[in-house]
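User: I would like to learn how to read cavities and helix packing in a protein model. Could you take me through them step by step?

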Amino acid sequence: MNKRIMSIIQELSKPNRKITIFDLSKQFQVSERTVRNDLNVINDTLREYHMNELVLEKGGQVVRGNEFETLLDRLSQKDYYAYKLSKEERIKIAAVLLVSSSEYITLSAIADHLFVSRATVISDLDEIKTLVKRGNMEVISHPNKGLRVEGKESDKRLFLLRETDTRSNDQSHNLITNHVAVQSGDRIIIQKIVYEQEHVHESFLTDDSFQKIIFYLGIMISRNKQGEYLEKRKKKNNSKILMAQDILKYVAQYCQIQIVEDEIQFFSEILIMARYMSQKSSEKNAIKIQLITRQFIEQISDELETNLNCDYDFFENLSNHLESVFSSSPQSYPSNSVIDEVIENNPKVVNAVERKLDIIRQYAGREITEQEVGYIAVHICAAIERKKNKEIAFHVIVACHAGIGTSQLLLERLKKHFNFQIIDIISSHEAKNLEADRADFIISTVPLKGCKLDYVIVSPLLSDEDYIRVGNKIDTLRNSRNLPSRIEAKEITAKGVIDVISPVITDMVPEKAPELMKELKKAVRTYFRQPIEAEAEIFIPYLHHLLPSTHIQLDVECSDWKDAVRKSAENLLRLGYIEERYIDAMITNIMENGPYIVLSPGFAVPHEGLEQGSVKVGMNLIRLKNPVNFGDEELDPVEFVCCLSAIDHKTHLKAFFNLVNMLKNESFKQQLHTCTSPEDAAAIIEKYEYEIA
């Protein structure tokens with residue numbers, strides 16, 4: 001039973017109110033047919049409890065008995081989809097609602113949150129007060145306003161943090177976090193800030209502590225936006241005060257809140273209580289693996305005559321997978337029917353992988369097994385499916401068994417890579433009530449008993465194997481039925497609008513195109529309520545953010561490739577991005593592993609591992625007065641050397657991805673070759689990056 005159906009039951013339980021199907025359709029923004037299906041589910045439940053069923057009169061009026069308040073109480077005690085709440089869970093959630101509220105809250109409002117009757121909340125009230133009192137706070141009642149909690153702000157925050165177990169995935173936890181947590185956009189920014197500052201301060205949180213810190217910052221933002229601030233605290237120096245200060249400085253800047261010294265002091269105490277670990281050694285070769293992955297994708301694209309270079313997910317997923325391939329010995333993978341099916345049905349892709357294995361084999365230092373080839377082929381086939389099926393607008397229903405949050409995660413991933421028209425999101429047990437013509441097919445996380453529609457089973461995270469399953473289902477349906485492609489039914493998105501506008505602006509006013517597109521992107525994303533992308537650039541920078549004019553030098557004289565590497569890094573060393581040892585490590589890396597850092601004819605990106613002296617993410621580009629050889633017969637001589645300093649797997653990844661794609665454009669390289677100043681070079685980089693972004 002999904003959240004919408006529970007909300008409809010809540011509406012129907014309100015006495016003396018005339019309700020029609022049209023009213024419910026308008027209120028919940030679904031079709032009248034969907035409402036009728038929801039009412040059928042409610043009638044199934046009423047029959048189970050031997051209660052009077054709903055009756056639909058002419059005009060769509062819903063006639064019901066007087067038993068809906070009793071129904072709510074019974075449903076709260078039964079495992080119905082997302083709302084199984086024990087008495088202990090009800091008490092905990094009610095206490096959290098009271099503590100997190102800056103205003104009075106009524107018993108009826110608490111009952112609505114818990115989907116129980118007001119009488120149930122009254123019977124729980126003494127135990128709710130007892131739980132709150134354990135947190136050094138007190139529940140105060142007002143006859144006309146309701147209830148509120150009095151106590152120190154620090155005690156309130158610790159209570160909220162303590163009563164929410166970040167490792168739990170039960171529905172009481174979900175209800176609490178949905179009420180207390182910040183918007184998803186702010187959460188993404190918070191995660192990036194903390195991740196960045198972990199590396200800056202070399203204090204790496206365990207997974208559990210990382211989630212606790214993220215959740216606390218969410219509580220802090222939510223409380224501050226309600227006007228609730230910490231009481232005065234005694235200043236104490238501790239080992240985490242600087243880390244707390246840096247994290248909160250950026251949180252204040254990007255989440256639009258005010259931070260005072262008391263907040264920094266209290267947060268440093270939270271950080272002191274967290275658990276930490278040493279940096280994972282697996283990150284040392286991350287950039288090297290990404291470079292190898294990039295070259296492999298280029299070769300596969302040429303071999304298959306299909307451009308897969310622009311699929312960022314393909315690049316990220318395959319580079320992550322190749323970390324296991326580059327281990328000292330072959331990995332043992334579990335039996336997987338999808339892998340076997342890919343190898344059998346896609347011999348062209350498998351053969352292409354085998355023909356282009358040299359670059360992977362050379363770096364791994366061993367033969368690549370047939371099973372490993374199959375997994376690489378899966379990633380390639382998934383990228384091909386994403387590319388192909390963006391033009392197919394099938395009508396799809398999403399069915400999920402694990403709660404609203406899981407279905408939303410699956411929905412976002414589907415919308416990102418397919419042009420599906422998602423016409424409804426249902427719980428899995430509702431599928432049996434759907435008519436055969438309701439949609440083209442269903443994407444479900446579990447098998448669907450008694451369902452009249454075709455369906456395909458995927459995981460909520462939508463892995464590469466799942467993309468292939470969905471693609472195969474589409475091919476099967478397309479071949480077995482005369483289904484329209486419905487290309488005209490594309491969803492209007494911010495990216496779609498930007499893609500249409502961009503070539504027009506570039507053609508009409510090429511000299512002002514980068515500046516105009518920058519402002520248009522901001523305006524379009526704001527209109528579509530997608531500001532996160534622009535804000536996230538601060539933490540996942542684009543290439544032009546890392547290569548301003550101050551990070552570019554032209555016509556530098558170098559005696560050989562070692563001298564070129566050193567001079568490309570001098571500016572980063574002077575500005576504190578790297579340590580001296582990083583330069584020697586880069587040279588040693590090239591001597592040991594060869595000139596794989598030469599990405600394109602005439603263009604090299606020297607770098608080293610993450611524990612070799614990199615301090616901050618950054619780049620510095622030099623153009624050589626006289627090109628030098630790095631030892632790659634096909635790509636020498638090298639005119640441009642761009643030193644990369646990376647601090648983790650991801651922060652530099654978007655900039656690097658864009659650079660590689662821009663290097664495919666000969667006009668871009670020619671303009672860099674002929675420009676006369678660092679300012680001109682920076683403008684060229686920004687212009688071409690906005691054309692592909």
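**Cavities and helix packing**

Analyst: The largest cavity holds about 70 Å³ of space. This is a predicted model, in which local features need pLDDT of at least 70, side-chain atom pairs count only at pLDDT 80 or more, and totals for chains, interfaces and linings use all residues. Residues are numbered from 1 along each chain as its sequence is written, and side-chain values use heavy atoms, with hydrogens and water left out.

User: What is a cavity, and how is its volume defined?

Analyst: On a 1 Å grid over the protein atoms alone, a cavity is a set of points where a 1.4 Å probe fits but cannot get out, and its lining residues have an atom within 4 Å of a point. Grid points are joined across faces, edges and corners, and the volume is the space filled by probe spheres set on the points. By this rule there are 3 cavities of 30 Å³ or more.

User: Which elements each supply at least two residues of the lining of the largest cavity?

Analyst: Helices (H or I, at least four residues) and strands (E, at least two) are DSSP runs, numbered from the N terminus. Here α3 (32–48) and β8 (421–427) each supply at least two lining residues, and the largest share, 4 residues, comes from α3. Among the lining residues are Thr34, Asn37, Asp424 and Ile426.

User: How do the residues of that lining divide by class?

Analyst: Ala, Val, Leu, Ile, Met, Phe, Trp, Tyr, Cys and Pro count as nonpolar, Asp, Glu, Lys and Arg as charged, and the others, Gly among them, as polar. The lining of the largest cavity has 3 nonpolar, 3 polar and 5 charged residues.

User: How are two packed helices described?

Analyst: Two packed helices are described by the angle between their axes and the distance between the axes. Axes are lines fitted to C-alpha atoms, for helices over the stretch in contact (heavy atoms within 4.5 Å), and angles run from 0 to 180 degrees between N-to-C directions. Helix α5 (residues 87–100) and helix α7 (residues 118–134) pack at an angle of about 70 degrees, with their axes 9 Å apart. Because angles under 35 degrees count as roughly parallel, over 145 as roughly antiparallel, 65 to 115 as roughly perpendicular and the rest as oblique, α5 is roughly perpendicular to α7.

User: Which residues of α5 and α7 meet?

Analyst: Among those that meet are Ile91, Ala94 and Leu98 in α5 and Ile128, Leu131 and Val132 in α7. The residues of this contact of α5 with α7 divide into 8 nonpolar, 1 polar and 5 charged.

Key. 1 Å grid on protein atoms, 1.4 Å probe; cavity = no way out; pocket = protein on both sides within 12 Å on 5 of 7 lines; lining within 4 Å.
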